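Student: Could we go through how the helices pack here, and then how the chains relate?

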2 protein chains.
Amino acid sequence: MTGTFVGVTRTIDGSSIARRIRAEVAERVAEAAAVRRVPGLATLLVGDDPASAVYVAAKRRAVREAGMRDVHRHLPEHSTEYEVASVIDELAGRSDVSGILLQLPLPPQLDAAALIDRIPVTKDVDGLTTASLGRLARGERGLRPCTPSGVIELLDAEGIELKGACVAVVGWGELVGRPLTHLLLRRGATVSVAHEFTADLAAVTRPADIVVVATGVRGLVGPEHVRPGATVIDVGIHRTPHGLAGDVRAAELDGIAGRITPVPGGVGPMTIAMLLVNTLRAAEWGAEAAPVPVC
Amino acid sequence: MTGTFVGVTRTIDGSSIARRIRAEVAERVAEAAAVRRVPGLATLLVGDDPASAVYVAAKRRAVREAGMRDVHRHLPEHSTEYEVASVIDELAGRSDVSGILLQLPLPPQLDAAALIDRIPVTKDVDGLTTASLGRLARGERGLRPCTPSGVIELLDAEGIELKGACVAVVGWGELVGRPLTHLLLRRGATVSVAHEFTADLAAVTRPADIVVVATGVRGLVGPEHVRPGATVIDVGIHRTPHGLAGDVRAAELDGIAGRITPVPGGVGPMTIAMLLVNTLRAAEWGAEAAPVPVC
C-alpha cells in the first residue's frame, strides 16, 4: 500500500463486479450454444431447509439468466446415502450436465464428505472434493471453491496488487480460509492466518495491507484491527433484526479502511458469479475429454 | 513463549529424537512380525543421480534396522513412463509392500506428477499424491509428508505448545512449506507464510515464537530475523567446502535463539524417522482394508 491514506473509504461494489462477470459468462455461453454445447448446472437439494431452498433458487435463476441449462433434483429429507449417491451418479454420467452442485448442509444421516467425493473432479463446481483440494494444493488444473475465487476476483477488479502484498486471513474454515490462503500464496502474497486460538488478533491484522474476514462471528473485526488505508473484505453474513450484517463492524471503519466490501453487495454476489464461471470452465474441461460432437 | 530469555541457546537434538522414534517403530514392527504382518517399504529409484542413490541407500538401511521388509527396484535412466508405471502397479498390488517411495527428482522425460499419483493413497508414504494432499486439506485420515511431520514431532518432543503459538513459515514449497502450514494450523498455531516475494522478511519472522525456514537459500535467516528466545527450525541442507550448512546462520543466533536445530542432526534425521512411522501406519491402514490373515 503506497501513499498516505486521506481518510475517504471506498466501498467495493461486489454487485456491479459480479454483474460484469455474469454478462461475460453469458456471452461465452451464447458462443458455446451456437455450436450446440450449452453448459448445464445440476443442483441437488436434499430436504427442506428454508435457507438452502433460497440459495438453490438464487443459483438456478442465475444459471438460467446466463443461458445455461438448469437441471434440478430435490430429494426428501430422509433420503438414504444410497439414494443421494445414485442421483449424483446419474448426473455424473449425463453429457448435458457440466457441473454438479450438492447443496450443503446435508441432513445428519448422510456422510457429506463421502457424497461430495462422489462428484467427478471435472464436474466439481464447488471445488470441495478431496481431488479438487489436492489439485489446488499441487497447483494443478482444477475448479476452485467459489467464495475464495470471488474474493480474488474482487481484489483483481479493484486493481489491488497481490504479489508482495501482506494479507491477513481471519478464519481457517474449509470453505473459505483454507483455500483462500492457497490462492493468495499462489499469487505471491505474504499471508498470515488467524483463527479462534489466535491470542492477539490485532497483532496479525494491523500490519496487513488486506484483511479478509471469514469467521462466522458477527462484528468481530473493527477499527482496532485495521491499519488506516487497508482493504477490508468481509465474507461473513448474518441475519439480524436490522437486516444483513457481516463479520466486520463496517460503520466504525468508515474513514479508516481504504476500501471495504459491504454486506450485502460485496462478496455474496461474487460467489454466485464464480459458480457460473466454474460451470463454464467445467463445460470446457468436459468437452476436451469428450469426443468431438457430430453436428 | 513465556518468561524472559536469559541468552543460552539450546540445541534441539534431532538425531536423538529420531533414534527414539525409530526404536518405538522397531518395537511395533516386532509385534506385527509376531502375527506375520511385517511392514514393507518399496523404494523405487530411476536413473543414476548420485545424491538420490545415497538417500535411497540411507532409507533402505533404516527400513532394515527397523525390522521391516526392504523391497527395492532400480530402473535405468532412460526408462519410459510406461515402464515406471508398470513397476509402481506391481508394487501397489503386492500385499507384502505396505508403502511405496518413488525417489525424486525423476529424469526429465518422465511426468513426475502423474507417476506420483499412480501410488495408491494407502501406500503413499511420502504423502505427496493429489489424494493425500486433498485428505490433508480436508483433515481426513491419510499419510502426511515426512519432513513437515518431522518438524511437528521435533516441536512436540521439545514440549513446545503449538496451540496459540505464533509461527512464521519461511518458504512455500510443495514438500515442506505448504503441508507444514496446514499441519501447524490444524494444531491451533497462528501461522504467517513468507517467501521470495515477501518484501520485509523480518517483519514476518520477528513477532514469531517459532520460525521454520525451508527455502533452499543458504544462510538466509540470521539474528536480524529472530526475536530473542524464539525457536528456530532449519529445514535447509547445503553441501559446502566446510561441511553441511542450512538456511539459517546458526552461529550468529547463538545466545539469541531460545532453541535451534543444527544442520546436520536436526530436521534431517527426522525425515527418515517419519518415513518409517508412515510405513508402519500404511501397514496398519492396509491391514484394516485387507482380509484377516489365516495363520
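Student: At what angle do helix 1 and helix 9 of chain B pack, and how far apart are their axes?

Tutor: Helix 1 (residues 14-34) and helix 9 (residues 267-289) of chain B pack at about 20 degrees, with axes 8 Å apart. Helices here are DSSP runs of H or I, at least four residues long, numbered from the N terminus. The axes are lines fitted to C-alpha atoms over the stretch in contact, and angles run from 0 to 180 degrees between N-to-C directions. Helix 1 of chain B is therefore roughly parallel to helix 9 of chain B, a label for angles under 35 degrees.

Student: Is the model predicted or experimental, and how is it numbered?

Tutor: This is a predicted model, in which local features need pLDDT of at least 70 and side-chain atom pairs count only at pLDDT 80 or more, while totals for chains, interfaces and linings use all residues. Residues are numbered from 1 along each chain as its sequence is written, chains are lettered from A and ligands numbered from 1 in the order in which they are written, and side-chain values use heavy atoms, leaving out hydrogens and water.

Student: Which residues of helix 1 and helix 9 of chain B meet?

Tutor: Among them are I17(B), I21(B) and V25(B) from helix 1 of chain B, and I272(B), L276(B) and L280(B) from helix 9 of chain B. Contact means heavy atoms within 4.5 Å. The residues of this contact divide into twelve nonpolar, two polar and three charged. Ala, Val, Leu, Ile, Met, Phe, Trp, Tyr, Cys and Pro count as nonpolar, Asp, Glu, Lys and Arg as charged, and the others, Gly among them, as polar.

Student: What about helix 6 and helix 7 of chain B, where do their axes come within 8 Å, and at what angle do they cross?

Tutor: The axes of helix 6 (residues 146-157) and helix 7 (residues 177-186) of chain B come within 8 Å and cross at roughly 40 degrees. P148(B), S149(B), V151(B) and I152(B) in helix 6 meet P179(B), L180(B), L183(B) and L184(B) in helix 7. That contact has seven nonpolar residues, one polar and no charged.

Note on methods
Helices (H or I, at least four residues) and strands (E, at least two) are DSSP runs, numbered from the N terminus. Angles under 35 degrees count as roughly parallel, over 145 as roughly antiparallel, 65 to 115 as roughly perpendicular and the rest as oblique.
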